[in-house]
Amino acid sequence: MASKVDENTIAFITTGGTIGAAFGTDVVTLENNAGAKNVRDFVDKFIERNGLDIRTFNPLNKFSEDFDPSDWAIIFKQIDECIEHGITRIVIAHGTDTLVYSSFATSLYYSQKPVHICFTA
């Protein structure tokens, strides 16, 4: 995170899942982060229209039905790195199968920290 962080800076953390997947002829795949690239293309247009500085991170790349509590540590590490660099507005793209568990754990872990975290599926 080399460039300046200000109130227009938002971290967009992808974790895999369908939103981070690419659709092939007959499969949904997480290979080569192709889905993350598709999301980034969409986000780039939104950034330009609204003057935002959105930083994209992909610390984890798996379907949410395969998540377990050890994956929260990976997400938390990425959130902590964002906070250390002054980013306090964070959006996490997460699959729906275990989103409720990850978001609950995150809300407990960060309840006393000055950070705004939004999960979306």
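This is a predicted model: local features need pLDDT of at least 70, side-chain atom pairs count only at pLDDT 80 or more; totals for chains, interfaces and linings use all residues.
Residues are numbered from 1 along each chain as its sequence is written, and side-chain values use heavy atoms, with hydrogens and water left out.

Let's begin with the overall layout. The protein chain has 3 helices and 6 strands; here helices (H or I, at least four residues) and strands (E, at least two) are DSSP runs, numbered from the N terminus. Of its 121 residues, 37% are buried, where buried means under 20% relative accessible area, exposed means over 50%, and partly exposed is in between, using a 1.4 Å probe and protein chains only. If you take the contacts (heavy atoms within 4.5 Å) with a separation of 6 or more, 73% of them join residues 24 or more positions apart.

Now, please turn to the sheet. In which order do the 4 strands of the open sheet run? The order is β4-β1-β5-β6, and the pairing is parallel; two strands pair if DSSP finds at least two bridges between them. At the edges are β4 and β6, each of which pairs on one side only. From one strand to the next, the twist averages 20°. For angles like this, axes are lines fitted to C-alpha atoms, for helices over the stretch in contact, and the angles run from 0 to 180 degrees between N-to-C directions.

Let's cross the sheet strand by strand. Between β4 and β1 there are 5 bridges, and Thr9 has Asp53 in β4 as its bridge partner. On to the next pair: β1, residues 9–14, meets β5, residues 89–93, over 4 bridges. Here Phe12 is opposite Val91, and Thr14 is opposite Ala93. Then β5 pairs with β6, residues 116–120, over 5 bridges, with Val91 facing Cys118. To get from β5 to β6, the chain passes through helix α3, residues 99–109, in a right-handed β-α-β crossover. Right-handed says that, with the strands pointing away from the viewer, the path from the first strand over the helix to the second runs clockwise.

Is β1 enclosed or open to the outside? It is largely enclosed by the rest of the structure, because 6 of its 6 residues are buried. Thr9, Ala11 and Ile13 are buried on one side of β1, and Ile10, Phe12 and Thr14 on the other.

So what covers the sheet? Helix α2 packs on it, touching β1, β4, β5 and β6, and the direction of α2 makes about 155° with that of β5.

That leads us to the cores. A nonpolar core here is a set of buried Ala, Val, Leu, Ile, Met, Phe, Trp, Tyr and Cys residues joined through side-chain atoms within 4.5 Å. The largest has 17 residues, and those touching the most other members are Ala11, Ile13, Ile75, Ile79, Cys82, Ile90 and Ile92. At least two residues each come from β1, α2 (69–84), β5 and α3, and α2 gives the most, with 4. Take Ile79: beyond its neighbours within four places in sequence, Ile79 contacts Ile13, Ile90, Ile92, Thr106, Tyr110 and Ile117. Another core, of 8 residues, lies apart from the largest one and includes Phe12, Val39, Val43 and Ala93. As a general point, nonpolar side chains in soluble globular proteins tend to be buried together.

Ser102 sits in helix α3 and is buried, with a relative accessible area of 1%. Setting aside neighbours within four places in sequence, Ser102 contacts Phe67, Trp72, His94 and Phe119.

Where is Pro59? You will find Pro59 in the loop between β4 (53–57) and α2. Pro59 counts as partly exposed, because its relative accessibility is 28%. Not counting residues up to four places away in sequence, Pro59 touches Ile13, Thr14, Ile74 and Gln78. The C-alpha atom of Pro59 is separated by 9.7 Å from that of Asp71, 12 residues apart along the chain.
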